[in-house]
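Please look over the sequence and the structure below before reading on. The briefing that follows turns to the ligands and their surroundings.

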Amino acid sequence: MAIERIEIDLLRLPYVHFFETSFGRSHDRTFSLIKVFEGGACGWGECVAEEAPLYSGETTETAWHVMREFLVPLVFRKGLVEPEDFAREAAVFRGNRMAKAGIELALWDLKAKKAGRPLRELYGGRRAEIEAGVSCGIEDSLSDLVARVGDYLDQGYRRIKIKIKPGWDAAACAAVRERFPDIMLQADANGAYALKDLEVLKSLDAYDLLMIEQPFAPYDLWDHARLQREMATPVCLDESVLSLDTARAAVEMGSCRVVNIKVGRVGGVVEARRIHDYCEAQGVPVWCGGMLECGIGRAHNLHVASLENFRYPNDLSASRRYYKEDVVDPAIELSGPGTIRVPDGPGIGVNPVESRIALASLRREIFK
Ligand code: OSB
Ligand code: MG
């Protein structure tokens with residue numbers, strides 16, 4: 001059989017609360033959903049490229065262009081159905097990993113649905129429940145931040161990540177740590193620092209952080225290695241890790257002790273699993289990062305995070321932390337204190353709600 005039809009929607013969903021990082025503040029998220037059809041079955045994927053090229057060089061429009069002009073025609077021309085075949089063939093195109101991952105994820109969901117099994121089983125994930133965590137943006141004041149962290153802890157989250165940037169770092173960590181001495185706390189800089197900031201970064205060792213994520217620019221593995229030698233807190237890389245090769249370079253150079261895996265950033269689950277397996281063999285723990293996905297991308301992440309070497313709590317929170325009305329039914333919720341159950345239906349195991357998707361859709365294109 002072959003894929004008969006592919007639909008891509010561009011959506012915009014407002015956040016329940018603005019999200020501010022070292023890149024700036026946003027009030028909503030623009031992303032695309034990919035639907036692949038074969039026989040009576042269909043699979044869903046999410047492309048996490050954002051509106052502006054801040055976190056990554058990709059944008060919603062570059063991803064749309066690459067899917068429309070290159071990846072969708074590749075699927076039809078070569079009759080690709082298996083996600084592994086797609087990953088291999090799509091590798092002829094450089095970069096554009098988020099675009100590739102969006103389509104590969106849809107093929108994974110389709111494959112698992114045809115087999116009548118949850119995706120986690122296809123990946124070999126043993127965990128039925130994953131450890132949740134919440135990523136807190138920069139707020140207008142430290143008291144707003146502490147209140148928001150308190151709110152998330154009341155909801156049952158046990159691991160909190162706070163976004164930092166120059167001027168919002170040691171004081172933010174101190175404020176949260178003072179009020180909540182025992183929680184699992186970590187910080188994410190999204191590349192906002194440079195080697196000249198070494199002393200500020202080293203001062204964060206005082207706050208007993210689980211890790212500090214991506215202090216320096218994505219391509220700066222060398223300076224990360226220097227920082228990791230001088231800092232007690234484990235460095236975790238996010239933006240720097242684009243593939244198995246970059247993961248291997250980072251680990252061999254000592255640029256980090258922990259790796260954040262995002263399926264979109266590395267170009268799909270095939271590459272994500274290679275990185276996972278390599279890190280496992282090296283004794284380097286990983287965890288699953290998030291891109292404020294809607295329930296479709298989030299469900300995909302839950303299945304990926306069921307793999308053995310996801311050893312830290314993940315940036316995976318309930319639907320209501322992100323969106324008032326998620327586009328899946330049922331909404332994703334905490335299953336216990338600080339945990340989320342991996343859906344156990346076929347494929348991603350959550351049902352996309354077509355009417356809500358249509359309401360949020362800015363544009364739809366159908367390819368046959
Ligand atoms: O750096 O981890 C990041 C969101 C968008 C872009 C980059 C990042 C994030 C988050 C959100 O921290 C994590 C989540 O989806 O809960
Ligand atoms: Mg990050």
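A backbone N or O atom of L292 lies 2.8 Å from an oxygen atom of ligand 1, a polar contact in the sense of a pair of N or O atoms within 3.5 Å. Taken alone, ligand 1 exposes 390 Å², of which the protein buries 98%, with accessible areas taken from the Shrake-Rupley method with a 1.4 Å probe. This is a predicted model, in which local features need pLDDT of at least 70, side-chain atom pairs count only at pLDDT 80 or more, and totals for chains, interfaces and linings use all residues. Residues are numbered from 1 along each chain as its sequence is written, ligands are numbered from 1 in the order in which they are written, and side-chain values use heavy atoms, without hydrogens and water.

**Around ligand 1**
- Ligand 1 is surrounded by 17 residues, the closest being S135, D188, N190, L292 and Y322, where a residue counts as near if one of its heavy atoms lies within 4 Å.
- A polar side-chain atom of K161 is 3.0 Å from an oxygen atom of ligand 1, and an N or O atom in the side chain of D238 is 3.2 Å from an oxygen atom of this ligand.

**The magnesium site**
- D188 (OD), E213 (OE) and D238 (OD) coordinate the magnesium ion (ligand 2) at 2.1 to 2.3 Å, donors being N, O and S atoms within 2.8 Å of the metal (3.2 Å for Na, K and Ca).
- Because D188 lies in strand β7 (residues 184-188) and E213 in strand β8 (residues 212-213), the pair ties together parts that are 25 residues apart in sequence, strands being DSSP runs (E) of at least two residues.

Conventions:
A polar contact is a pair of N or O atoms within 3.5 Å; within protein, one must be able to donate a hydrogen and the other to accept it, and residues adjacent in sequence count only if both atoms are side-chain atoms. Helices (H or I, at least four residues) and strands (E, at least two) are DSSP runs, numbered from the N terminus.
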